Amino acid sequence: MNSTSRLDTRLAATKADKRPALVTYITAGDPDPDTSLDILRGLPEAGADIIELGMPFTDPMADGPAIQKSSLRALNGGQTQKKTLAMVQRFREHDRDTPLVLMGYYNPIYRYGADRFLRDAAEAGVDGLIIVDLPPDHDQAFFDAARDAGIHIIRLVTPTTKGERLKQVLRDASGFVYYVSVAGVTGAAPPTQDSVATTLAAIREHTDLPVGVGFGIRTAEDAAAIGRFSDAVIVGSALVDCVERAESPAAARQALHERVRDLAAGLRCRTCP
Amino acid sequence: MSVYSMQPDANGFFGRFGGRFVAETLIPLIEALQTCYKEARDDREFQSRLAYFQRDYVGRPSPLYRADRLTDYFGGATIYFKREELNHTGAHKINNCIGQVLLAQRMGKTRIIAETGAGMHGVATAAVAARLGMSCIVYMGETDMERQQPNVFRMQLLGAEIIPVSSGTGTLKDAMNEALRDWVTNIDDTFYVIGTVAGPHPYPAMVRDFQSVIGRETREQMLDQEGRLPDSLVACIGGGSNAMGLFHPFLADDGVQMIGVEAGGHGVESGKHAASLSGGTPGVLHGNRTYLLQDEDGQITDAHSISAGLDYPGIGPEHAWLHEQGRVEYVSITDREAMEAFQLCCRQEGIIPALETAHALAEVARRAPALPREHLMVVNLSGRGDKDMASVAEYLGGPSR
Ligand SMILES: Cc1ncc(COP(=O)(O)O)c(C=O)c1O
């Protein structure tokens with residue numbers, strides 16, 4: 001298995017293509033296990049370059065209402081860590097190339113058993129992990145074990161991450177760097193272009209890794225604007241909102257994939273302002 | 001100094017519990033808080049300002065009162081009440097609020113946020129914020145707003161804005177999630193006043209230090225009144241701040257037994273309770289590793305207690321550590337037992353305790369009768385029960401019964 005290189009390969013490809021990668025977030029199991037798997041399977045064709053799959057948690061402290069509700073829908077539908085990993089495995093039956101990163105909170109991983117989780121995740125075909133509430137200060141052992149399992153730990157840089165802290169956060173980073181572009185929860189207002197440009201320059205002083213920008217990006221225009229400075233654009237709340245608003249599971253899938261197509265077109269539009 | 005009086009390590013761990021498991025955005029903020037707190041601890045001016053407010057605003061020291069009639073009623077141990085319910089705003093909570101809001105002022109913050117369960121921490125924070133001229137926003141679960149209505153109005157009178165939280169079960173845990181979401185959004189002007197010995201480092205140690213005035217006074221008063229240290233200390237536990245405050249100055253005294261009382265709800269075996277140590281497992285929530293109520297998949301499960309202030313699925317990390325060390329004994333008391341002790345305290349001592357406090361009193365009722373009169377038992381009377389009239393009336397089937 002060459003799971004470690006899937007992220008690198010894909011990000012090199014989009015770079016060669018002279019466009020930012022589109023990273024799409026959905027919550028595993030939202031609104032129900034079957035629909036969620038269908039949504040996941042259709043993402044690459046709709047234009048997603050990298051997939052972020054949320055592991056639902058009862059207490060998503062860094063998430064706004066959209067992802068909170070999405071997590072609850074998934075949990076009410078019986079989603080578990082095991083089912084999320086099984087979902088990745090089924091996705092991998094048909095797709096060996098699209099990088100998939102799991103995103104979530106530490107407790108469900110801790111409870112599963114960190115080592116066992118890493119092993120099972122690697123086996124299922126997971127390429128990276130974003131753990132919102134596990135800062136680099138904690139559990140060096142976990143980070144080391146992740147590397148041994150061939151799983152990237154994606155580091156988060158935020159508007160408050162500066163100076164020594166920035167260096168510390170980037171020290172062991174791999175895969176890509178996730179710039180949380182606004183101080184706030186997911187689904188907030190989009191960042192200003194100026195602030196993103198400035199911070200990205202600071203980040204690039206300390207790392208050669210691709211930098212993805214997320215939080216508050218909703219529309220194709222937002223994505224195109226931010227994509228001018230970044231290597232990847234991450235969209236989440238705007239996608240799970242499609243599930244919330246849809247009248248049926250089929251409609252949810254359709255609307256979400258439509259939104260992804262729209263975002264992907266925005267990032268490929270070279271003539272747009 | 002005993003091993004138990006240690007500070008947490010540099011990452012905020014008490015043994016394997018504690019830490020700072022928060023979103024990256026918050027890390028520089030809690031580091032700044034930690035630095036400011038360290039400086040304030042050694043700053044004479046800060047300490048004297050704190051002492052001034054404790055004395056003239058809160059009304060400290062609170063009496064250590066020998067509850068003779070209750071002692072006679074049980075016919076066993078001599079029972080003392082540490083009268084934290086006599087503090088301004090009616091609970092121990094204000095000891096910590098004064099400290100934290102003074103820190104906020106020192107850091108140049110102007111906007112105070114807090115979570116509250118029973119509303120006592122919210123009321124105390126609102127009062128202190130008003131006194132120090134800061135704006136105050138309190139997050140409170142909708143379930144709790146209903147059962148602690150008088151405190152909602154009280155906070156509003158004190159000028160605080162109450163934001164109802166409907167997510168989850170609409171209780172303390174959900175209010176804390178919302179407060180954290182606020183903090184991560186308002187990083188420049190906002191200070192988050194956490195109401196118990198939980199949250200990311202340095203909160204558990206800092207809140208403990210501010211509450212330790214309870215134990216320090218108790219020690220002095222007991223030496224004064226009885227010429228020796230107490231034999232046992234009893235306190236209720238939501239997050240564990242009134243218990244930590246009473247226990248901490250005695251941790252090195254091997255002869256002093258300590259009992260923390262969790263909320264047993266309908267009974268730990270029923271699954272409907274808030275006893276994280278008696279019925280939970282280690283996990284990570286709200287910035288620290290501790291014992292939690294959670295399912296097999298690491299999802300947090302709903303706590304249950306008749307008392308809003310104990311209705312929390314976690315416990316402060318230092319308690320988790322003391323539990324595993326065996327230094328403090330942790331037990332649980334059901335809604336029914338607490339309600340009986342509540343009524344007993346009203347009738348025997350003419351003191352209406354908070355429902356939270358009634359859990360500690362129920363444990364006293366269990367232990368005291370079998371102990372000799374020489375046994376000196378201190379119970380932390382953490383708060384008064386004015387806020388609980390509606391819950392009690394409903395439980396008893398109407399005020400006349
Ligand atoms: C009177 C009273 N006692 C106890 C508690 C529980 O908190 P802690 O365990 O932090 O003391 C509360 C919380 O609201 C309270 O109001």
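This dialogue walks through selected features of a predicted model.

Q: What kind of model is this, and how are residues and chains labelled?
A: This is a predicted model, in which local features need pLDDT of at least 70, side-chain atom pairs count only at pLDDT 80 or more, and totals for chains, interfaces and linings use all residues. Residues are numbered from 1 along each chain as its sequence is written, chains are lettered from A and ligands numbered from 1 in the order in which they are written, and side-chain values use heavy atoms, with hydrogens and water left out.

Q: Where is S36(A) found?
A: Helices (H or I, at least four residues) and strands (E, at least two) are DSSP runs, numbered from the N terminus. S36(A) belongs to helix α2 of chain A, residues 33-46.

Q: Is S36(A) buried or exposed?
A: Buried means under 20% relative accessible area, exposed over 50%, and partly exposed in between (1.4 Å probe, protein chains only). The relative accessible area of S36(A) is 1%, so S36(A) is buried.

Q: What is S36(A) in contact with?
A: Contact means heavy atoms within 4.5 Å. Leaving aside neighbours within four places in sequence, S36(A) is in contact with I26(A), T27(A), A28(A), G29(A), D30(A) and M87(A). The side chain of S36(A) also reaches the backbone oxygen of T27(A), at 3.5 Å.

Q: How does α2(A) pack with helix α4 of chain A?
A: Two packed helices are described by the angle between their axes and the distance between the axes. Axes are lines fitted to C-alpha atoms, for helices over the stretch in contact, and angles run from 0 to 180 degrees between N-to-C directions. Here α2(A) and α4(A) (residues 81-94) pack at about 40°, with axes 10 Å apart. That angle makes α2(A) oblique to α4(A). Angles under 35 degrees count as roughly parallel, over 145 as roughly antiparallel, 65 to 115 as roughly perpendicular and the rest as oblique.

Q: Which residues of α2(A) and α4(A) meet?
A: From α2(A) come S36(A), L37(A), L40(A), R41(A) and P44(A); from α4(A) come M87(A), R90(A), F91(A), E93(A) and H94(A). The residues of this contact divide into 5 nonpolar, 2 polar and 3 charged. Ala, Val, Leu, Ile, Met, Phe, Trp, Tyr, Cys and Pro count as nonpolar, Asp, Glu, Lys and Arg as charged, and the others, Gly among them, as polar.

Q: How do α11(A) and α12(A) cross?
A: The axes of α11(A) (residues 237-245) and α12(A) (residues 249-268) come within 8 Å and cross at roughly 155°. The two helices α11(A) and α12(A) are therefore roughly antiparallel to each other. On the α11(A) side the contact is made by A238(A), L239(A), C242(A) and V243(A), and on the α12(A) side by A252(A), A255(A), L256(A), R259(A), V260(A) and L263(A). By class, the contact of α11(A) with α12(A) has 9 nonpolar, no polar and 1 charged residues.

Q: Where does D311(B) lie, and what does its side chain make a polar contact with?
A: D311(B) lies in the loop between β12 (287-292) and α13 (317-325) of chain B. D311(B) counts as buried, at 4% relative accessibility. A polar contact is a pair of N or O atoms within 3.5 Å; within protein, one must be able to donate a hydrogen and the other to accept it, and residues adjacent in sequence count only if both atoms are side-chain atoms. The side chain of D311(B) makes such a contact with the side chain of R147(B), at 2.7 Å. A polar atom of the D311(B) side chain lies 3.5 Å from the backbone nitrogen of H304(B).

Q: Which peptide bond is cis in the loop that holds P31(A)?
A: The bond from D30(A) to P31(A) is cis, with omega near 0°. P31(A) sits in the loop between β1 (21-27) and α2 of chain A. In chain B, the bond from H201(B) to P202(B) is also cis, with omega near 15°. P202(B) lies in the loop between β8 (190-193) and α9 (203-211) of chain B.

Q: What is phi of K18(A), and what is phi of F215(A)?
A: K18(A) is not a glycine, yet has a positive phi of about 55°. K18(A) counts as exposed, at 70% relative accessibility. Phi of F215(A) is near 90°, a positive value in a residue other than glycine. F215(A) counts as buried, at 11% relative accessibility.
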